[in-house]
Amino acid sequence: LEVAGNVIITGGYTDQNGVRTYRAGGVMYNNQAYNVDITVDDDTGTGTVHHITAMMTHYSTIYGCVLDCYAYTRAGNVEVQTDLLNQSNAEAGGWTVSKPDTTTLRLTKSAGTYTGVGNYQVVVVTSTPT
């Protein structure tokens, strides 16, 4: 399949061959906390691995935070196995991963001290919920 020009997908995720790719973006304030909740498969009996990329910045590194990791989950448990990059600071806060219930993967940006606003983007590659 060859596509000429731009491909526009409306909505937060795409499913392809058992893999879900979730995307979100917009603006965040450095000094506010945010949750990004993603619906995932109920992995109570199996477990799931997720590739998570979450980033936000106002200006430069001291005003931004980035998380790029692999997280393993089962039921309500989550363990970050591999931090490819985990950059946080007092001005911007930082990102963490949790699983408040069996079908929600939560990315949280903590509140920093600086009042600036900046762009954020989140990409999570996971399994397609059944």
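Asp43 and Lys99 form a salt bridge, with 2.8 Å between the closest N and O atoms; the term means a side-chain nitrogen of Lys or Arg within 4 Å of a carboxyl oxygen of Asp or Glu. The pair links distant parts of the chain, 56 residues apart: Asp43 sits in the loop between β3 and β4, Lys99 in strand β7. Strands (E, at least two residues) and helices (H or I, at least four) are DSSP runs, numbered from the N terminus. Both Asp43 and Lys99 are buried. Buried means under 20% relative accessible area, exposed over 50%, and partly exposed in between, with a 1.4 Å probe and protein chains only.

The model is predicted: local features need pLDDT of at least 70, side-chain atom pairs count only at pLDDT 80 or more, and totals for chains, interfaces and linings use all residues. Residues are numbered from 1 along each chain as its sequence is written, and side-chain values use heavy atoms, leaving out hydrogens and water.

**Salt bridges**

- The whole structure holds 3 salt bridges.
- Asp37 and Arg106 meet through their side chains in one of them, at 2.7 Å from N to O. This pair also links distant parts of the chain, with Asp37 in strand β3 and Arg106 in strand β8, 69 residues apart.
- Asp37 is partly exposed at 38% relative accessibility. Arg106 is partly exposed at 23%.
- Asp15 forms a salt bridge with Arg20, and their closest N and O atoms are 2.7 Å apart.
- Asp15 is partly exposed, with a relative accessible area of 40%. Arg20 is buried, at 9%.

**Open sheet and its β1-β2 end**

- An open sheet of 6 strands runs in the order β1-β2-β9-β4-β5-β6, with antiparallel pairing. Two strands pair if DSSP finds at least two bridges between them.
- Its edge strands are β1 (13-16) and β6 (77-87), each of which pairs on one side only.
- Neighbouring strands of this sheet are turned by 15° against each other on average, direction ignored. Axes here are lines fitted to C-alpha atoms, for helices over the stretch in contact, and angles run from 0 to 180 degrees between N-to-C directions.
- β1 and β2 pair in the antiparallel sense over 4 bridges.
- Asp15 stands opposite Arg20 in β2.

**The β7-β8 hairpin**

- β7 and β8 form a hairpin with 2 residues between them.
- Their antiparallel pairing extends over 5 bridges.
- Ser98 stands opposite Arg106 in β8. Arg106 is also the salt-bridge partner of Asp37.

**Nonpolar core**

- The largest nonpolar core has 21 residues. Such a core is a set of buried Ala, Val, Leu, Ile, Met, Phe, Trp, Tyr and Cys residues joined through side-chain atoms within 4.5 Å.
- Ile38, Ile52, Trp95, Val97, Leu107, Val122 and Val124 touch the most other members.
- Two or more residues each come from β2 (19-29), β3 (34-39), β4 (48-57), β5 (64-74), β7 (95-101), β8 (104-109) and β9 (117-127).
- β5 gives the most to this core, with 4 residues.
- What does Ile38 contact, leaving aside its neighbours within four places in sequence? Ile38 is in contact with Tyr22, Thr103, Thr104, Leu105, Leu107 and Val124. Contact means heavy atoms within 4.5 Å.
- In soluble globular proteins, nonpolar side chains tend to be buried together.

**Cysteines**

- The whole structure has 0 disulfides; a disulfide is a pair of cysteine sulfur atoms within 2.5 Å.
- Cys65 is in no disulfide, and the nearest cysteine sulfur, that of Cys69, is 13 Å away. Cys65 is buried, with a relative accessible area of 0%.
- Cys69 is likewise in no disulfide; its nearest cysteine sulfur is that of Cys65, 13 Å away. Cys69 is buried, with a relative accessible area of 0%.

**Positive phi outside glycine**

- Asn17 is a residue other than glycine with a positive phi, near 50°. Asn17 lies in the loop between β1 and β2. Its relative accessible area is 78%, so Asn17 is exposed.
- Ala75 is not a glycine either, and has a positive phi of about 55°. Ala75 is found in the loop between β5 and β6. At 17% relative accessibility, Ala75 counts as buried.
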